[in-house]
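Here is a short tour of a two-chain model, meant to be read with the structure open beside it. We begin at the interface and then visit a few residues one by one.

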Amino acid sequence: MAVRVQQQAFDPGAEVNAMHAANAGVGAVVSFVGYVRDFNDGREVAGMFLEHAPGMTEKALAKIVVEAEQRWPLLKVEVLHRIGTLQPGEPIVFVGVASAHRQAAFDGCNFIMDYLKTRAPFWKKETTGDGPRWVEGRHSDQQAAERW
Amino acid sequence: MSVEVVYFARYRELLGRDGERLEGDFENVEAVRQTLLGKGPEYAVLAEQNLMCARNQDLCRLAEPLADGDEVAFFPPVTGG
């Protein structure tokens with residue numbers, strides 16, 4: 001399991017390929033990549049700043065991954081989340097889950113994203129034409145996490 | 001006892017500080033929150049219904065018990081991913 005919180009950009013393709021490298025037992029890799037959109041909540045978004053809680057962030061992500069590993073037979077899990085200033089079109093988050101068969105990988109990836117959205121201490125602040133604004137938590141994300 | 005309170009994101013901005021140290025007897029996280037709310041209207045943001053909190057860098061409920069030297073964090077709902 002690896003959890004990375006970093007400012008630098010990453011290559012989603014390279015991350016996916018690394019999921020099954022050196023493990024021929026991996027039969028399925030499911031990945032999720034989240035990107036910065038150029039439009040949100042009725043406003044054009046020129047950029048974004050991602051704040052996090054140093055120390056707590058890594059701990060929270062690791063806890064989510066451990067819980068996923070307890071629920072499904074996963075062979076490898078990678079969670080990468082960016083912080084700092086981001087531009088529209090840039091990837092924000094990568095979650096990769098490898099398993100022998102597809103269902104565990106699909107479910108594990110879905111679960112990790114739902115939990116990350118509601119339990120990992122990141123906060124988005126968007127730059128819009130009206131100035132900066134904090135993105136508000138969504139009830140639908142809360143509901144998505146409650147189904148597991 | 002003493003607890004170290006920290007704030008993040010919108011709360012940090014509205015309160016104009018990263019955190020503060022509080023001295024007193026705090027049974028749980030809620031007692032810390034009530035003490036802060038009692039300090040003045042500038043702490044009103046801590047009354048938000050969807051406030052989240054953590055004890056020693058682990059998410060917790062307001063009923064979470066505290067010990068001397070604990071760190072308590074208050075923050076708005078998270079929006080990563």
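## The interface at a glance

This is a predicted model. Where chain A meets chain B, 26 residues of chain A and 18 residues of chain B take part in the contact. Together the two chains bury about 1,800 Å² between them, and carbon and sulfur atoms account for 58% of that area.

## Polar and charged links

Which side chains meet in a salt bridge at 2.3 Å, N to O? They are those of Glu51(A) and Arg12(B). In total, the rule finds four salt bridges across the interface of chain A and chain B. It also finds twelve residue pairs in polar contact there, with both residues at pLDDT 80 or more.

On the side of chain A that touches chain B, the elements giving two or more residues are β4 (43-52), α2 (56-71), β7 (91-99), α3 (102-119) and β8 (122-128). Helix α3(A) gives the largest share, with five residues. Sorted by class, this side of chain A has 13 nonpolar, five polar and eight charged residues.

## Chain B as a whole

Chain B contains two helices and five strands, and along the sequence they follow the pattern β-α-β-α-β-β-β. The C-alpha trace of chain B spans about 35 × 30 × 20 Å along its principal axes. Its radius of gyration is 12 Å, which agrees with the value near 12 Å for a compact globule of 81 residues.

Of the 81 residues in chain B, 47% are buried. Counting contacts in chain B between residues at least 6 apart in sequence, 52% join residues at least 24 apart.

Is His52(A) buried or exposed? Its relative accessibility is 14%, so His52(A) counts as buried, the cut-off being under 20%. The side chain of His52(A) makes a polar contact of 2.9 Å with that of Thr57(A). Beyond its neighbours within four places in sequence, His52(A) is in contact with Val5(A), Thr57(A), Glu58(A), Ile83(A), Pro121(A), Phe122(A) and Trp123(A), and also with Phe8(B) from the other chain.

Gly47(A) lies in strand β4 of chain A as well. With a relative accessible area of 6%, Gly47(A) is buried. The C-alpha atoms of Gly47(A) and Thr127(A) are separated by 5.1 Å, although these residues are 80 residues apart along the chain. Leaving aside neighbours within four places in sequence, the contacts of Gly47(A) include Thr127(A), along with Leu86(A), Pro88(A), Lys125(A) and Glu126(A).

## Thr79(B) against chain A

Our last stop is Thr79(B), placed in the segment after β5 (71-75) of chain B. Thr79(B) has a relative accessible area of 7% and is therefore buried.

What does the side chain of Thr79(B) reach at 2.9 Å? It reaches the backbone nitrogen of Lys124(A). Not counting residues up to four places away in sequence, Thr79(B) touches Phe122(A), Trp123(A), Lys124(A), Val135(A), Glu136(A) and Gly137(A).

Definitions and conventions. Residues numbered from 1 in each chain as written. Chains lettered and ligands numbered in written order. Predicted model: local features only at pLDDT ≥ 70, side-chain atom pairs only at ≥ 80, totals over all residues. Heavy atoms only, no water. Contact = heavy atoms within 4.5 Å. Buried area = accessible area lost by both parts, 1.4 Å probe. Polar contact = N/O pair within 3.5 Å; in protein donor to acceptor, adjacent residues only side chain to side chain. Helix = DSSP H or I, 4+ residues; strand = E, 2+ residues; numbered from the N terminus. Nonpolar A, V, L, I, M, F, W, Y, C, P; charged D, E, K, R; others polar. Rg over C-alpha atoms; globule rule 2.2 N^0.38 Å. Buried < 20%, exposed > 50% of the residue type's maximum accessible area, 1.4 Å probe, protein only.
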